[in-house]
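This report describes how two protein chains meet in a model. The sequence and structure come first, and the description follows.

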Amino acid sequence: MRILIIEDDQETASYIIKGLRESGHVVDHAAVGKTGLLMAGTESYDALIVDRMLPEMNGLSIVKALRGAGNHTPVLFLSALGEVDDRVSGLRAGGDDYLVKPFAFSELLARLEALDRRKTSESTVTVLRVGDLEMDLLRRTVTRGGKPINLQPREFRLLEYLLRHSGQVVTRTMLLEKVWDYHFDPQTNIIDVHISRLRSKIDKEFDTPLLHTVRGAGYIVRESG
Amino acid sequence: MLGLLAFIYWSTAVYMSRQTDATIEAEIKGLEERYRTDGLAGLSRLIARRLAQQQPGDSSVYLLTDNNFRPLVGNLSGWPESAPDDEGWLDFTLGRGDADNAPHRARAKAFLVREQFHLLVGRDMFELEETQRMIIHTLVWGIVITLVLALLGGIALSRGVMRKIESINRTSKDIMSGDLSRRIPTTGSNDDFDRLASNLNNMLDQIELLMEEVRRVSDNIAHDLKTPLARLRNRLESLRNDATHDSGQLELVDAALHEADGLLSTFNALLRIARIESKAQREAFGDQDLVALLNDVVELYEPLAEERGQDLRLECVGTLQVRGDRDLLFQCIANILDNAIKYTPPDGVISVTLNEGAGCVRVCDQGPGIPEHARDKVFRRFYRLDTSRSTVGSGLGLSLVKAVARLHTMEIELRDNNPGLCVVLKMPGSGSTESA
């Protein structure tokens, strides 16, 4: 992916740049709002990481200006504020995702990759497939190796999200936000329980597991461990 | 006061009777003198003249009789029957045929003129007694009116005082229930109560300032520590991703990551509570359907309860709408439910109920419950009922619940479930009457 970071805090910026480059991404950096807007408008990026608080021009205005000009590059907001209404205003301004500082790098990476995937595979597909697991989005059925698997509605949505992002790490917070549609901090690892339930349905009677735990980060669906 | 009035009455009454007696005696002296100079004829003439001069309102009584008490001159038909005392004074009644016809009391002095004639000089006491009665009436009414006025004044005064005290009490209660911004209303009259109120208000300002300071310091600590902690966690993460470590080292790094996550989530919870308490999040309020919200919470936690062999039930009687923040309300109920599941033994029942009539949501478990004395304390930050801190948790879950409830002006109440705990969330505007 080619990614532009608009962030004035040097330490955060270099830390993100280093991490993204190690993960194999191409990264540009702008420390000032106007420069960032100029770069985002002229170059072609796969995703933008935009800090909310910037000198000269704040993050919201940058994204509004981009969207106004017909630029639909996915945007991930970074914010030290972290209020719920900030999140709402950020998403309303045209942002695609929101991350509160300080964050775990794995969370940022997972969200960035999810943004990129969104762009290419939106709802046009009707069948999601990983290995011998198949999900028919129209008939709402799931089969593995031809055997039907009975899933409850929420399990279906959970698996659908994992399959749409197959090959990518998906964090617990992302699952809570995208599958359950709530922003909150569970006191217990409640997502783990749902995952293990889902795992018992799709992996238990089969030789190769598809749903893997990535320690310290989240989950991933892929063919081989 | 009664004593004073009695004294007033006694002194005027006695003074008046004395005055009467003195007049009578002076008159007798005058008559005696006339007798001495002019003899019986002169005396009789004088008496007759006096009687003739007497105005209808006058009350003098004269009677001159011979030795056998046969009247010679006077306005009495006969010598009174009552016997005179040692000094010759006698009290008697006389029917003078006045309009009211009531017999009047009279007081007179009798004496012997030259051992031959009896002379009686007196006064009809009616006027005097009327006056005395009037004095008594006036005094009694005076007392009554004074008492009534005093009573009314007292009631009005104590009402005012009670009202002021009540307003101080109400404000203190509000403040104790957490609204530190409340102040006692002052009237500006600068009386004792007003000064007390403004002194208390000044004290409250200081307390609020101190609390604010403490909160800000702890929030700043949380915030300032969060950034380096996040950096530490990220370094651990990169360390973990370097494939050169053996499995033993990896395990250590994982444990360190886990610790860092726990610390971060505690800081997050602290900061979140601080933000909620600063009431900055009201803008995100919308109309929330609690039935849908409860369904979502229960659905999220149902697998956890099932894993522990518990029976998690949801029952909604009617619907409830509440103005609020969807995520915070979810967090609030999730925290309560999380605790219920954590403390209920396997095979226990956890019931979540919504009652439209009572305007409340209840989460009841079958855990050990919370003893009466600790029920207020559990909402404090870092308060743990289990002092050994052996159970997982930060001690912030219920503080967050309380903060969210307060933001939504919901009342939160802990009750006995015999055995277990019932957490009751009363929606704003619902009455406090609810069948347990």
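Is A:His194 buried or exposed?

## A:His194

A:His194 is buried, because its relative accessible area is 7%; buried means under 20% relative accessible area, exposed over 50% and partly exposed in between, with a 1.4 Å probe and protein chains only. This residue lies in helix 8 of chain A, which covers residues 190-202. Helices are DSSP runs of H or I with at least four residues, strands are runs of E with at least two, and both are numbered from the N terminus.

Leaving out residues up to four places away in sequence, A:His194 touches A:Leu158 and A:Trp180, together with B:Glu299, B:Leu300 and B:Pro303. Contact means heavy atoms within 4.5 Å.

## Basis of the values

The model is predicted: local features need pLDDT of at least 70 and side-chain atom pairs count only at pLDDT 80 or more, while totals for chains, interfaces and linings use all residues. Residues are numbered from 1 along each chain as its sequence is written, chains are lettered from A and ligands numbered from 1 in the order in which they are written, and side-chain values use heavy atoms, with hydrogens and water left out.

## Extent of the interface

The contact between the chains involves 32 residues from chain A and 36 residues from chain B. Together they bury about 3,200 Å², of which 47% is on carbon and sulfur atoms; buried area is the accessible area (1.4 Å probe) that two parts lose on being put together, summed over both. On the chain B side, the most area is lost to chain A by B:Asn234, B:Leu300 and B:Asp327, together 17% of what that side buries.

The rule finds 6 salt bridges across the interface of chain B and chain A, where a salt bridge is a side-chain nitrogen of Lys or Arg within 4 Å of a carboxyl oxygen of Asp or Glu. A:Asp185 and B:Arg272 are joined by a salt bridge between their side chains, at 3.4 Å from N to O.

Four helices of chain B each give two or more residues to the side that touches chain A: helix 3 (192-241), helix 4 (247-277), helix 5 (290-307) and helix 6 (326-343). Helix 5 of chain B supplies the largest share of that side, 10 residues.

## Aromatic pairs

Over all chains the count comes to 4 aromatic pairs. Rings of Phe, Tyr and Trp (its six-membered ring) pair if their centres lie within 6.5 Å; planes under 30 degrees apart count as stacked, over 60 as edge-to-face and the rest as tilted. A:Tyr182 and B:Phe330 are stacked, because their ring centres are 3.7 Å apart and their planes at 20°. This pair joins two chains, because A:Tyr182 lies in the loop between helix 7 (172-178) and helix 8 of chain A and B:Phe330 in helix 6 of chain B.

A:Phe184 and B:Phe330 have ring centres 4.7 Å apart and planes at 75°, so the pair is edge-to-face. A:Phe184 counts as buried at 3% relative accessibility, and B:Phe330 is buried at 0% relative accessible area. A:Tyr182, A:Phe184 and B:Phe330 form one aromatic cluster.
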